[in-house]
Each structure stands twice: as C-alpha cells, then as structure tokens.
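Visitor: I have a structure to go through. Could we take it piece by piece?

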Amino acid sequence: MPACAESIARSLADRGVQRIFGLPGGEIVAFIDACRRAGIRFILTGHESSAACMAQVTGEITGVPGVCAATLGPGATNLVTGVANAFLDRAPLLAFTAQIPASAIATMTHQRLALNALFAPVTKASLPVDETFAVEQWLDLAIEPRPGPVHISLASDIAVEPCSLARGRRAQPRPAAQSISPLAARIAESSRPMVLIGLGARPAAAPAIRALIDRLQCPFLVTPKAKGIVAEDHPLFLGVASGMALDREILETIRAADLLIAVGFDPVECDKTWFAKTEIAALDSVSMAAGDYHPLEAIGEIVALVSQVDASPKPWPAGLLSQRRAAMLRVPAEGMSPLGAIEALRAIFPRDGVAVCDVGSH
C-alpha cells in the first residue's frame, strides 16, 4: 500500500499537475519527493509567498489548479500572503503545508500553529489529511465557481504512513440555470450599452464574447485580470476599468453608457464602488451581489449565457466614441508616460507578445 504522500502525488499527476512550487523543510520533504517520483517537477523559490503566486498564475493559465508547498511554522505563515492573493484573484490553487506529527501534536509546542484556522479566512476550505481525504475533491473545489485556493495540512508522520486513497470525483455542481429573458429585455431597451469583461471570463469564453461585441457593435472595457480576452487594438476598445490609471476618464466613459453588460465581472478588482451606482446587467457563473451592489443577473455557464444575448446592433454616436477613445489615449505633451513606456515595448513585440508589469497606475 502506498504512503499518503505518494497517493496524493499520483492523484495530482493524474489530474495534469506538472509542477509544484515551494521551499523544502524536513517535515514536507516526503511529499516533495513523492511528487518528484510521480513526475511532478519541484520548482524551488526564494520565498513561500512567491511559490504561491507562481502556482496561482500556473492555475490561471492552465485551468488545472496550481500547487505550492511549504513546511510547518514560519514556512506556512510565509505562504499566507500568496494564498490570500489567489483568494482575491479567484485563482484555482492547492496550498500544502506540513504539520507537527499527529502522534505528538497534543504535546509538542515547537512551531505548533493552528494552520487550518490560519488559512480558513483566505481559502475556500482548509483541511487536514485524514482517513477521509480525496484529492479529486480538493481539485474540484478549487476549480468550481468562484475558483480559489484550498489549503491542505499534511502531518509529517501521516505523510509516510500507508493509506488507502479515497477516489472518485464528486459531481461538480453546475451553476443553476437562470432565465436570461429579463436581462435580454433590458439590453434590447438600451440605446448606449457597453460591455465590461471581468476576471470570470476565462479565455475559453473569448470567441463568444467577441461575437457578442460584434453583434451589438457597442464599445467595451476590460478589468485588469481580463486583459487580452478581446484584443485592445479592436476599434471598440475603450480602456481598462481598474480604478487606477485614467480613473476619471474611465468613469466618464462608464457614465456615458446607459447600461453596462458585465460578463464575468467581479467587484473584487475595483478599489472604488462606482459599480454600486451603475445600472449593470450581469452574466456570470455565480452571483456577485453583495452590500449595495445588486445587478440584474443571469447565472449559468458564461459561454451559453453570452450566446443567448440576441440583440440588434447598438452603436454609439461616432463623435462620442471618438471622444472617449481620445481620452483613453491621452498622453503628456512632454516626457515619458507609463502608457508611453508600455506602447514603446509593444511596438517591438510580436502582436501576441506578453508584457508583464507590476501593480499600479501603469
């Protein structure tokens, strides 16, 4: 019978996990080595938080939850910031931490922390490895809407003990289908709608979203995490709704619309609450209504919902569209602006090149 660490590693490999990011420590080595033997490459990072961020991006790009690992005590506490980032970015992630041997945890206080309680507020679940564990359920939980991190604590003695792995995926709950008719009727009534693409719109939804924009012939915005879903050289692109760069101009653009059609929009990306004062028709896999934000919603599978919106073209007046595009592209008369720096890089990159910059107004 394989050890628990081996069973977990094999299940991760079976589900397409290719890399694990982290820092080793004596208590987590058995798990890291089991992953290596299962064909999963271990990537050493300079800090546990960096490991979580790298795993987060891996999960976002591949659709398979990223995996990071840290030892117990300070290794686990270092991991928290990166896991919290994945929680707020709605990214699928499995975060493994070692824990004091189960046989000694009641007595041994050295580096003993309540890890499940520590990670619970910034994860979808924080679970110990015990006789009921099932890796497929951890992975499914990380992926299902809203995606997010799942923390797993693995006691160092349990990692090397033989165990029978609970197999079988749980049935993933599909978003409850909701009638799109009220939302479609409101879109039909609008005269100057605008599409807002948010982080819930994954790359697989891109063709359907582009088709929606083409049908409506109305402009669109993206949030930072949705950049690239529709190319920014599209003639109807009007900027990034982030609450940072050109914030005043972007809010003026939003106010020029009489309805915002939000596809996968999550207010977690906004550092101001303009969305609570805006009429929004939202298409999403999960409800985002909270506090003062109560959009008209249609909940279900995003591609199917977007494909059902069958409205006549609603182009904006040419003068208004040109004015809002000019505001987005405004640059200082002298010197280099953040936009100018990015555009200079873009000019020498291939069209599908990827430029990565830090957080901020640029």
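Visitor: Is Ser49 buried or exposed?
Guide: This is a predicted model. In it, Ser49 counts as buried, because its relative accessibility is 13% and the cut-off for burial is under 20%.

Visitor: Which helix holds Ser49?
Guide: Ser49 belongs to helix α3, which covers residues 48-62.

Visitor: And what is Ser49 in contact with, leaving aside neighbours within four places in sequence?
Guide: With those neighbours set aside, Ser49 contacts Asn78, Leu79, Thr81 and Gly82.

Visitor: Let me follow up on Thr81. Where is its place, and is Thr81 buried or exposed?
Guide: Thr81 is found in helix α4, residues 74-88. Thr81 is exposed, because its relative accessible area is 56% and the exposed class begins over 50%.

Visitor: How many residues lie between Thr81 and Ile280 in sequence, and how far apart are they in space?
Guide: The two are 199 residues apart in sequence, and their C-alpha atoms are 32 Å apart.

Visitor: Now the sheet. In what order do the six strands come?
Guide: The order is β9-β8-β7-β10-β11-β12, in an open sheet with parallel pairing. At the edges are β9 (237-240) and β12 (296-299), each of which pairs on one side only. From one strand to the next, the twist averages 20 degrees.

Visitor: How many bridges join β11 to β12?
Guide: Four bridges link β11, residues 280-284, to β12, and the two strands run parallel. Within this pair, Ala281 stands opposite Leu296 of β12.

Visitor: Which strands does helix α9 touch?
Guide: Helix α9 (residues 206-216) packs on the sheet and touches β7 (193-197), β8 (220-222) and β10 (259-263). The direction of α9 makes about 170 degrees with that of β7.

Visitor: And which strands does helix α10 lie across?
Guide: Helix α10, residues 247-256, lies across β7, β8, β9 and β10. Its direction is at about 130 degrees to β9.

Visitor: A change of topic: the surface. Which residues make the nonpolar patch of about 290 Å²?
Guide: That patch is made by Leu345, Ile348 and Phe349.

Visitor: Where does Leu345 sit, and why does it count as partly exposed?
Guide: Leu345 is in helix α13, which spans residues 338-348. Leu345 counts as partly exposed because its relative accessibility is 39%, and that class lies between the buried limit of 20% and the exposed limit of 50%.

Terms used. Residues are numbered from 1 along each chain as its sequence is written. This is a predicted model: local features need pLDDT of at least 70, side-chain atom pairs count only at pLDDT 80 or more; totals for chains, interfaces and linings use all residues. Side-chain values use heavy atoms; hydrogens and water are left out. Patches are made of residues with over 30% relative accessible area and no salt bridge: like charges are joined within 9 Å, nonpolar side chains (Val, Leu, Ile, Met, Phe, Trp, Tyr) within 5 Å. Accessible areas come from the Shrake-Rupley method with a 1.4 Å probe; for residues, only the protein chains shown count as cover. A salt bridge is a side-chain nitrogen of Lys or Arg within 4 Å of a carboxyl oxygen of Asp or Glu. Buried means under 20% relative accessible area, exposed over 50%, partly exposed in between (1.4 Å probe, protein chains only). Contact means heavy atoms within 4.5 Å. Two strands pair if DSSP finds at least two bridges between them. Axes are lines fitted to C-alpha atoms, for helices over the stretch in contact, and angles run from 0 to 180 degrees between N-to-C directions.
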